[in-house]
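Here's a quick tour of the fold you're about to look at. Have the viewer handy and follow along.

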Amino acid sequence: MPGSVPVPDLSGAYGGSAQAPDIVQQGDITIKGASQWGPQHKVISDTVGGLKNALAGGGNCAAWLTQGFTANAEYTTYYGSLTEFLEDLPRYIAYADISGGGKINAINSNIVVGYNILINTNGAFFGAGEGAVATGDRYNDFLKNIRGGTVAGREFILLHEIGHLLNVPGFRSDDLRNEGNHKANNDAVWQNCGDLLMRQR
Ligand SMILES: [Zn+2]
């Protein structure tokens, strides 16, 4: 794996007969039942689809993500454009019951081999808990209005994870345990994609 850039696992995850391991433990984080099937994955792919359509119109957010996309030979080898990448993105994403390690909405890692992004079924993407999906620093006053379980909230979580996956310039890879990095990344998502998140739907 060259550098720290996450490489897509093109083995197609567990679409065939193979099964993801039911429980994966890493440090204090436990991941159970990672899956790409059923209504929960449809919510994920529908959210990716909405983002793809909105990003196809151009704008700040598309330009920001495209900077990451074009710098990654790992992706440009397989996909001709950000839109093509987003079309295929749902097969890199699974949902799972993630516990431990604090409040986690999603994990960007192939801890469960075959998946690059894991969305926590107990996190804000699916609406668990009240309140904001993210905390920021400079832009926290805006971020605090983006609530869990809403389309904007889901899009925010996915844009943050896509930021990691594409390694967009300035995005910090180590933010799971680092609150400062985590807030800086959330600020970057708002700064570049706030207008897209607040668009008329
Ligand atoms: Zn992050």
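Two strands count as paired if DSSP finds at least two bridges between them. Strands (E, at least two residues) and helices (H or I, at least four) are DSSP runs, numbered from the N terminus.

## Ground rules

What you have here is a predicted model, so local features need pLDDT of at least 70 and side-chain atom pairs count only at pLDDT 80 or more, while totals for chains, interfaces and linings use all residues. Residue numbers start from 1 along each chain as its sequence is written.

## The whole chain

The protein chain has seven helices and five strands, and from the N terminus on they come in the order β-β-α-α-α-α-β-β-β-α-α-α. Its radius of gyration (taken over C-alpha atoms) is 16 Å, close to the 17 Å that the globule rule gives for 201 residues, so the chain is as compact as a globular protein of that length. That rule is 2.2 Å times the number of residues to the power 0.38.

The C-alpha atoms fill a box of roughly 40 × 40 × 35 Å along the principal axes.

The five strands make an open sheet in the order 1-2-3-5-4, with mixed pairing. Strand 1 (23-26) and strand 4 (106-108) sit at the edges with a single partner strand each, so one side of each has no neighbour in the sheet. On average, neighbouring strands are turned by 30° against each other, direction ignored.

Take strand 5 (residues 117-120): four bridges join it to strand 3 (residues 93-99), and the two run parallel. Ala94, for instance, has Leu118 as its bridge partner in strand 5. Strand 4 runs antiparallel to strand 5, with three bridges between them, and Asn108 stands opposite Ile117. In a regular strand the side chains alternate between the two faces of the sheet. In strand 5, Ile117 and Ile119 point one way and Leu118 and Asn120 the other, and all are buried. Helix 6 lies across strand 4 and strand 5, at about 10° to strand 4 (axes are lines fitted to C-alpha atoms, for helices over the stretch in contact, with angles from 0 to 180 degrees between N-to-C directions).

## A bent helix

Where does helix 7 bend? The bend is at Gln191, by about 50°, taken as the angle between axes fitted to the seven residues ending there and the seven starting there. Helix 7 (residues 179-197) spans only 23 Å between its end C-alpha atoms, whereas a straight helix of 19 residues would span 27 Å; that expected span is 1.5 Å times one less than the number of residues.

Its buried residues include Trp190, Cys193 and Leu197. The buried residues of helix 7 pack against helix 1 (39-55), helix 2 (60-70), helix 5 (140-143) and helix 6 (151-166), where contact means C-beta atoms, placed from the backbone, within 7 Å.

## A loop residue

Ala71 is in the loop between helix 2 and helix 3 (73-76). With 15 other C-beta atoms within 10 Å, Ala71 is partly exposed. Its C-alpha atom is 9.2 Å from that of Pro169, 98 residues apart along the chain.

How values were computed: Buried ≥ 20, exposed ≤ 12 C-beta atoms within 10 Å, placed from the backbone. Contact = placed C-beta atoms within 7 Å.
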